[in-house]
Amino acid sequence: MAAEIRTANELRKAFTGFFEQRGHTKVESASLIPHDPTILFTVAGMVPFKPYFVGDEVAPYKRAVSVQKCARAGGKHNDLDDVGRTKRHCVFFEMLGNFSFGDYFKTDAIPWSWELVTEVFGFDGDQLWITVHESDDEAEQIWHDQVGVPMNRIQRLGDADNFWQMGETGPCGPCSEIHIDRGPSFGPDGGPLNDPKGDRFLEFWNLVFMQFNQDKDGSRTALPKPSIDTGAGLERILALKQGKDSIWETDVLFPLIEQAQSATSTKYLIGDYEDKSSFSLRVLAEHARSATMLVNDGVFPSNEGRGYVLRRIFRRAVRHAYLLGTDKLVMPKLVETAVEIMQEAHPTLKTNKDFILGVLTKEEESFRQTLKNGLNLLENEFSAIKTSKKKSTLSGKSAFVLHDTYGFPLELTQEIAGERNINVDITEFETEMHAQRTRAKAARKGAASADETLAQYRQLLDTHGQTKFVGYESDSCTAKVLSLVALDDSSVEVFLDVTPFYAESGGQVGDRGTIRCPSGEIKVTDTVFALPGLRKHIGVLSGEIVAGVEVTATIDVNLRNSTRKNHTATHILHYALRKVLGDHVKQAGSLVSAERLRFDFSHYAPLSNVEIEQIERIANAQVLTNSDVKNYETSKEKATQAGAIAFFGDKYGDMVRVLEAGDSIELCGGTHAAATGDIGLIKIVEEGSIGSNLRRIEAVTGQNAVDYVISTARTIQKLNELLDTNSAALVESMSRKIAEVKELNDELKSLRSAAARGRAAEFVSKNKGGVVVQRVDGLSPSDLRELALAIRASKEIKAVVLGGVTSTGGVALVAATGAGVSTPAGDLISQAAKMVGGGGGGKGDIATAGGKNAAALDEALLAAAQASSKIV
RNA sequence: GGGGCUGUAGCUCAGUUGGCAGAGCGGUACGUUCGCAAUGUACAGGCCAGGGGUUCAAUUCCCCUCAGCUCCA
């Protein structure tokens, strides 16, 4: 009997300790961001081990135990809106699990789970019920004969409850679950079979027996080496151990509820699932913890992918804080509490704390701004409704626009509308929402294609194995053509048994070069992975090459060398970025070509010029050391010990390739320079945003960097010559020049208007009954207008019409009317404008017009004079 | 990946059948009354995001680019 378990930390230790004693390797929790591209988050304890179960990789250990961070939100099971309503649902949770990779099976797994539950956890065996799959006699027998559970507490359930499948195909098998009877006050007797909702008979342990392989045709074959995957929710067991009715009162969540209470001055009612405020507090507690854990693993709030899911989770929480009437920021305090609760089990929280706080504080601020803007728009809608026919209904369309375009949640729209006795047309809203979904799905469908070629590739891989890559050591080799497929008239896909061509991965572009034999040649334009391990050369064939012949494969060495420099420089830049900006900088993508390198990374603000300069200094200092670049294979453990950081999104087997360039140590399978000095020079040429919290830098190296510096210097030299200055004084000289131009412009403007005013007196004196109509050539349209305004300024003038040929050869007309004249100024010149072949007008007491036909100007002015005389 | 919205003074934003740009706050200067605050007057501050097109004329209409916001996948 182990020590009494009181806290989450004690539970985690007791659990892993139990299985470590039984030969299991303790595996640290993997990131919430999975390597598996088909899922958004790590959703179960087995996710990190999936390659071992599927057989893609060989497990480095036969038995493992873990406490895995998990998150479930978005994706297929979109139950985000339910979190907080129930006693047990969370976005973030931890899963206890023990695993066997083709090692022990039911006869060990079942008794161990019983021993753990009764002796370590201390549950009363008489209160436990077991369910097995209806076909699984073996499991039932073990539970009964070996463990001693009476038959009346073992029940059989169907596929829906007790059968597990990874996907359409692949490993699958029956499950067995352990339930605890919480007593008559929670519902009627009769075991889990009689309690589908699990109110009284609470399921807390699930054992999956992976013993079959599901084929495409629906048949199942037995796996030669069956495996075990178990899972139990930490929070659930904690609630049971701590004698609480729900997970909300356990020590991993209740401190957050207490913090939420004080931050919002709201009272929490334990066990009340009807009370709206208590619901909001639970949402705040849960989402604060989830968001904290997600940011800790490198998820950033953004408008796509998992970042978007995080944003939705987080904003849902802020929305509830808002509903509770809090207008101060609440999340920073909750995040601090979450860090405090979780940091012992997840130590990276300590080092990342300031960063997490920064990201989430900023996110709350920005969302509160969104809410404020939305509120204004909503007010406008309300006042529009008052004057409309339907006085008491806000259209679903409006509610949708508010939500879709401005991010104002429907729930808040309804809440606020409700306060004013206004309905929201939900049906219409749903219709709009549905249309939006359909659009997005239709767009997605276009992208899916061609499974057939994939099957061909797989067959190639099955018969010949992986393509041997010799490109680290040599630029050329002889090889055998395994397959050659013509794509269209000229381009072909070629597969070799061995190749020096690097296939695009880790951001590095594929090699180019030639594949030739006596009878023909292929100019290779790109090399990619058709499947993991299978390298595909794409190129143009001249002459004849067929499958089976021997060829010489040679890469374009110049291109490869430039690419090498850029790739090594990418690592050094990554190092420098982390040094200057912080360890939260994570690679989000990269492109390494011969010409330049592009590096996308997570960061929350634009880089300042000073920061870019620092980065360049640090990076180039690494270049100047001219230290040897080491590129070697080693075990994963040794690499991590050396402090290597893994590139995001890459998948690594047990043996990994490590790259050491200067002080940068990373896992990387690319091709690299021999020494940092080979890079020559790293120059950042661009920095920008590619989405919220995502930045991109572009840089050049080697000859390209030299070219860049020379051309920049040339530009500066030219400027120096133009301004007759030198580089040191250029900036000052230029700013002085700009100020001067501005000053001169202002002066010119005031002189012009003074001149116009001066001439105005002359024109005023020529007025006939308060009307001035004159031709003035050589002025710009705006000067002409200025003049007209100056003339009109005299009290006796009632109307002015000026016309003239402008300096650019067009005709300009302007009309202005004095105070007390009701005829619009435009009327005075509308006809004249037509006569000069233009149009025009204006409104009120000043109008301008123009045309092209200068010959008709005098005639046009006569017409204008006539129009003007009518109004006086 | 697919939609929607926005970009105007240091900040928050106005600006309709296209006619040379405004408000409030902030800033500066000079006053007034006085409680390190209020208030009056004046002034400065704009390639109306950038580039093309239509037009006699584009902040306004059309196209493209860039940036930001937002929803869906």
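Colleague: Where is the place of Asn421?

Modeller: Helices and strands here are DSSP runs numbered from the N terminus, helices being H or I with at least four residues and strands E with at least two. On that scheme, Asn421 is in the loop between α13 (410-419) and β11 (423-424). This is a predicted model, so local features need pLDDT of at least 70 and side-chain atom pairs count only at pLDDT 80 or more, while totals for chains, interfaces and linings use all residues. Residues are numbered from 1 along each chain as its sequence is written, chains are lettered from A and ligands numbered from 1 in the order in which they are written, and side-chain values use heavy atoms, with hydrogens and water left out.

Colleague: What is the phi of Asn421?

Modeller: Asn421 has a positive phi of about 60°, although it is not a glycine. Ser265 also has a positive value in a residue other than glycine, with phi near 50°. You'll find Ser265 in the loop between α7 (254-264) and α8 (276-296).

Colleague: Is Asn421 buried or exposed?

Modeller: Buried means under 20% relative accessible area, exposed means over 50%, and partly exposed is in between, using a 1.4 Å probe and protein chains only. Asn421 counts as exposed because its relative accessibility is 66%. Ser265 is exposed too, with a relative accessible area of 69%.

Colleague: And Arg200, buried or exposed?

Modeller: Arg200 counts as buried, because its relative accessibility is 7%. It lies in the loop between β7 (170-181) and β8 (201-214).

Colleague: Which residues is Arg200 in contact with?

Modeller: Contact means heavy atoms within 4.5 Å. Leaving aside neighbours within four places in sequence, Arg200 is in contact with Ile180, Asp181, Arg182, Gly183, Pro184, Phe186, Gly187, Pro188, Asp189 and Asp195.

Colleague: Let's move on to strands. How many bridges pair β24 and β25?

Modeller: Two strands pair if DSSP finds at least two bridges between them. Strand β25 (residues 664-667) pairs with β24 in the antiparallel sense over 4 bridges. For one spot to look at, Leu659 stands opposite Glu666 in β25. The two strands form a hairpin with 2 residues between them, and Gly662 there takes a positive phi near 60°.

Colleague: What about Glu660, buried or exposed?

Modeller: Glu660, in strand β24 (residues 655-661), counts as buried because its relative accessibility is 19%. Setting aside neighbours within four places in sequence, Glu660 is in contact with Asp628, Val629, Lys630, Tyr632 and Ile665. As for Asn609, it is 51 residues from Glu660 in sequence and 28 Å away in space, C-alpha to C-alpha.

Colleague: Which strands does β18 join up with?

Modeller: One is β17 (residues 520-531), which pairs with β18 in the antiparallel sense over 10 bridges. In that pairing, Asp526 stands opposite Ile538. The two make a hairpin with 2 residues between them, where Gly533 in the turn has a positive phi of about 90°. Strand β14 (residues 491-496) also runs antiparallel to β18 (residues 534-543), joined by 4 bridges. There, Val492 has Gly539 as its bridge partner.

Colleague: What does Thr552 touch?

Modeller: Thr552 is in strand β19 (residues 550-555). Not counting residues up to four places away in sequence, Thr552 touches Ser476, Cys477, Thr478, Thr514, Ile515 and Arg516. Thr552 is partly exposed, because its relative accessible area is 32%. Arg437 is 115 residues from Thr552 in sequence and 52 Å away in space, C-alpha to C-alpha.

Colleague: Zooming out, how many helices and strands does chain A have?

Modeller: Chain A comes to 23 helices and 32 strands. Its radius of gyration is 38 Å, well over the 29 Å that the globule rule gives for 872 residues, so chain A is more spread out than a compact globule. For that, the radius is taken over C-alpha atoms, and the rule is 2.2 Å times the number of residues to the power 0.38. The C-alpha atoms fill a box of roughly 125 × 85 × 55 Å, taken along the principal axes.

Colleague: How many of the residues count as buried?

Modeller: Of the 872 residues of chain A, 48% count as buried. For contacts between residues at least 6 apart in sequence, 67% join residues at least 24 apart.
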